[in-house]
Structure formats: structure tokens, C-alpha cells
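Please consult the sequence and the three-dimensional view alongside the text.

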Amino acid sequence: MRRLHFVMLTCAGLLLSVTFADGRNWSEEKDDVKVQNVSVVVDTGCSVCFSGDVNLSEASNFSNSGTLWFKNASPADVLFPARNLGSGKFIFSGSADCTLFSQNSSVSFLSMETTGSGVFLTGSLSILDRLRLQSGIIHVDGNSLLKVDSDLPNAVVFDNSASNQSYINGGLTRKAMPGGTFWFPVGSSRSFHPFFINEIEKQNQVTVQFDPVFFAGSSFAAAHPQIRSVGAGGWKVESDHPAPAQFHIGASLWDENKVPAGYDRYGIIYASAGDAHLADCKLDLNAYRVNEFLASSVKMTDGFFGFAREATIQLINFILLDGSSNSVFEVPGISEYSRIELKVFNHWGASVYTNNNYQNDLDFRNYSPGTYYYQMILWAGESSTVIRNIIEVKAGS
């Protein structure tokens with residue numbers, strides 16, 4: 001194969017730039033580039049910069065051991081053929097969106113360094129060594145596959161903070177091995193929602209996808225009095241082994257506005273892989289918090305994962321009418337709820353108080369001593385929690 005230190009292409013649109021190992025440079029403005037019926041090798045120490053459409057056809061023999069930059073200033077299409085494209089780096093650093101058509105292609109190193117733009121993957125792309133997410137989003141639709149073949153925990157490099165601007169919108173597939181923590185920097189169209197698995201029992205190829213509508217409008221909280229609300233959004237985890245391995249999971253508590261969740265207690269909701277309707281969820285209330293992440297206390301397998309906010313609310317059930325004690329029925333942290341419905345009944349079951357938007361304004365100084373019963377519905381968005389209990393009101397001495 002003839003080794004070309006510069007790229008001789010049938011061209012029709014980009015800025016083509018080659019830097020030689022000895023420091024010499026060659027660059028030229030071209031139209032869109034199509035590599036066809038020619039052998040092209042980008043040697044170690046050389047770099048090529050594309051600024052428009054790129055078509056590496058099946059008829060070409062292309063190998064990159066240096067660095068290929070895709071630096072488009074207007075929307076561009078890049079077509080990779082079905083083969084290993086070499087051990088070099090592929091860097092997307094444009095300021096406009098790029099659509100990558102990949103036909104079961106593989107690259108050694110892929111880096112996202114775009115400015116206000118992203119890459120839309122169509123097809124299947126394997127990354128053999130490392131995926132680096134510095135800036136820009138990789139969009140992976142439901143029919144496409146982005147896979148990291150390396151089994152090293154640090155094969156995926158990203159900024160693990162709520163301000164992260166580079167992640168995968170869709171699913172990421174990667175190998176997971178016993179003994180390591182494997183991160184999945186996935187998110188929605190609005191924000192980053194990292195997820196990890198560790199202590200996996202055996203080697204597995206795991207796919208994780210964040211979906212902002214998982215558990216939305218779930219009735220799970222209403223059926224579990226220990227849960228105050230269920231957060232919309234969650235993670236789908238799948239592995240390729242016929243008998244999925246068990247592992248611990250962990251995920252960020254960042255919400256859709258990139259705001260860390262408050263320091264209430266949270267549990268992990270889990271539904272099995274076969275329960276797509278989330279009809280039979282389980283609850284891990286012993287999950288523990290590490291900074292802005294929640295980790296499971298028990299090992300789990302493939303399935304759907306989300307967060308539940310625990311009903312840690314402590315309501316009073318005794319009021320003393322002595323003139324100095326607090327006689328108002330108060331709901332702690334009332335501002336955390338979007339709305340509270342309260343109904344109070346006397347000892348004989350007659351309604352004595354109803355308020356569909358309670359604001360801590362029921363003062364029992366206006367009521368006779370005795371036993372009262374109440375029903376309270378705490379609303380947090382679309383989720384609600386029902387609490388039923390008694391209040392003993394006694395006269396002061």
C-alpha cells in the first residue's frame with residue numbers, strides 16, 4: 001500500500017491541513033471531500049482538518065495513525081465505512097452540528113471538543129481505546145449504537161459535575177469488569193445525568209440510557225406511605241449476557257435544571273427488565289448518599305432505576321390549649337409541596353375543617369378539646385402522598 005504523507009483526494013469542500021513530523025505544514029481550501037479508489041494513510045505525527053462533508057467510501061483504503069479533526073462551521077455529514085479506521089485520534093471540534101453515518105466502523109480514540117454543537121450518530125460506532133467528552137453532546141437515536149470496547153474503567157473520560165456540557169443523549173454501551181467502577185455519562189436533551197455500576201459479578205457488556213419520562217406520573221408513592229414523591233426520569237440498564245450479572249448501581253441526584261436535589265432522604269426505585277410498565281417496583285430505602293450521588297445498598301440486575309423521596313415528615317399529634325403552647329397544626333417544610341389538601345373530622349366523624357390549599361392556618365384554639373381525625377394529601381408536582389392520623393387536643397390546666 002502506498003503511504004501518502006498528505007491526502008490526495010477527489011475533492012469537491014473543506015480546509016485540508018497536513019502537519020508533517022518534521023514540522024512542515026501543507027494546507028489548502030477544498031470543497032467537500034470524498035475518498036474513493038485510493039489508499040490514504042495519515043501517519044503518526046500528521047494531522048488533517050476537515051471543515052465540510054467527508055465521505056470515506058467503501059472503495060477507499062483509509063487508515064489514520066495521526067489526528068483527524070472535523071472542524072465544520074456549518075452543518076456537515078461525515079460517512080465512515082465498515083472497518084477499523086486506524087489507531088489515531090478522531091476529534092470533533094466544529095461550531096455546527098455534524099451527522100456521523102457509521103456502518104459498523106471502529107476508531108481507537110474519539111474526542112468531543114465542539115463549541116455549541118453536537119454529533120448526531122446514525123448507525124453503529126465502536127471506540128476501541130478511549131472516549132473523551134470535553135464539550136458537545138453525542139446524540140444516539142434508538143436505532144443506533146455507540147460502544148466503548150475497552151474494559152478499563154478510565155476508557156470514558158468526562159467532567160463529572162452538574163455543569164457538564166458534554167455527554168451522550170441516548171444510550172452508551174461499554175464493557176464492565178469485576179473490581180472496577182464503570183461510569184455512563186448519559187443525559188436527556190436538557191441536562192447531564194451520570195450513572196455508574198460497580199462490583200459487577202462477571203464481565204458483561206452493559207448499556208445505560210437516561211429517559212426523562214421514566215416514573216413520570218407514577219402512582220408508586222400513593223401505594224407506599226413511606227414515600228413522599230417519585231422523581232420523573234430514570235435509567236434503563238441492559239446487559240448482553242443471557243443471565244445478567246448482579247451489580248451495585250449509583251446515579252446523580254441532579255434534576256432536569258442541573259440543580260442538585262435537597263438533602264432529604266432518598267430511596268432507589270427498581271423495576272425488573274421485563275416490567276416495561278413499571279407495575280411491580282421494588283424499593284431500596286437503605287441506599288446511601290455520597291455528595292450528589294445515591295448508591296444502592298444491595299446488588300441489582302438489569303432493569304429500570306429511579307429515585308423516590310422518603311416521607312420523613314414529622315407531624316404533631318398532640319396540642320395543648322394552655323395559652324402559651326403552639327396551637328397551630330403545622331406541616332414542616334410546607335414550601336416544598338406544590339399543594340396540600342387537608343380534611344379534619346371530629347370524634348363522631350363530622351367534618352369540621354376542609355382546605356384544598358392548606359397554608360398552616362388551622363388554629364385549634366377555636367375548637368373544643370377532644371380527639372380529631374384528619375386526612376392530608378401532600379402534592380409534589382404530579383405525585384402525591386396521603387397521610388391519615390389523629391390529633392389529641394387537650395385543655396390546659
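At 13% relative accessibility, Cys281 is classed as buried; buried denotes under 20% relative accessible area, exposed over 50%, and partly exposed in between, with a 1.4 Å probe and protein chains only. The model is predicted, so local features need pLDDT of at least 70 and side-chain atom pairs count only at pLDDT 80 or more, whereas totals for chains, interfaces and linings use all residues. Residues are numbered from 1 along each chain as its sequence is written, and side-chain values use heavy atoms, with hydrogens and water left out.

**Cysteines**

- Cys98 also counts as buried, at 2% relative accessibility.
- Zero disulfides are found in a search of the whole structure, a disulfide being a pair of cysteine sulfur atoms within 2.5 Å.

**Overall composition**

- Buried residues make up 50% of the 397 residues of the protein chain.

**Aromatic pairs**

- The whole structure holds 23 aromatic pairs. Rings of Phe, Tyr and Trp (its six-membered ring) pair if their centres lie within 6.5 Å, and planes under 30 degrees apart count as stacked, over 60 as edge-to-face and the rest as tilted.
- One of these pairs joins Phe192 and Trp254 in a tilted arrangement, with 5.8 Å centre to centre and 45° between the planes.
- Phe192 belongs to the loop between strand E17 (186-187) and strand E18 (195-198), and Trp254 to the loop between strand E22 (248-252) and strand E23 (266-272), so this pair ties together parts that are 62 residues apart in sequence. Both Phe192 and Trp254 are buried.
- Phe329 and Tyr358 form a further tilted pair, at 6.4 Å centre to centre and 40° between the planes.
- Phe329 is in the loop between strand E28 (318-321) and strand E29 (339-345), and Tyr358 is in the loop between strand E30 (351-355) and strand E31 (370-380); the pair therefore ties together parts that are 29 residues apart in sequence.
- Phe329 is buried at a relative accessible area of 0%, and Tyr358 is buried at 1%.
- Phe158, Tyr167, Trp183, Phe192, Phe196, Trp254 and Phe293 are linked by ring pairs into a cluster.

**Charges over rings**

- Lys89 lies over the face of Phe109, 5.2 Å from the ring centre. The criterion is NZ of Lys or CZ of Arg within 6 Å of the ring centre and within 35 degrees of the ring normal.
- Arg174 lies over the face of Phe184, at 6.0 Å from the ring centre.

**Backbone angles**

- Most residues other than glycine have a negative phi.
- Asn104, although not a glycine, has a positive phi of about 55°. Asn104 is part of strand E11 (residues 98-140) and is exposed, with a relative accessible area of 61%.
- Leu278 likewise has a positive phi of about 55° without being a glycine, and is located in the loop between E23 and strand E24 (282-284).

**Buried strand residues and their contacts**

- Ser126 lies in strand E11 and is buried, with a relative accessible area of 10%. Beyond residues up to four places away in sequence, Ser126 touches Ser105, Ser106, Val107, Lys147 and Asp149, contact meaning heavy atoms within 4.5 Å.
- Asp284 is placed in strand E24 and is buried at a relative accessible area of 7%. A polar atom of the Asp284 side chain lies 3.1 Å from the backbone nitrogen of Asn286.
- Apart from neighbours within four places in sequence, Asp284 contacts Gly267, Ile268, Ser296, Ser297, Val298 and Met300.
- Gly306, in strand E27 (residues 303-310), is buried with a relative accessible area of 2%. With neighbours within four places in sequence set aside, Gly306 is in contact with Phe215, Gly233, Gly267, Ile268 and Ile269.
- Gly306 and Leu283 are separated by 23 residues in sequence and by 9.7 Å in space, C-alpha to C-alpha.

How values were computed
Helix = DSSP H or I, 4+ residues; strand = E, 2+ residues; numbered from the N terminus. Polar contact = N/O pair within 3.5 Å; in protein donor to acceptor, adjacent residues only side chain to side chain.
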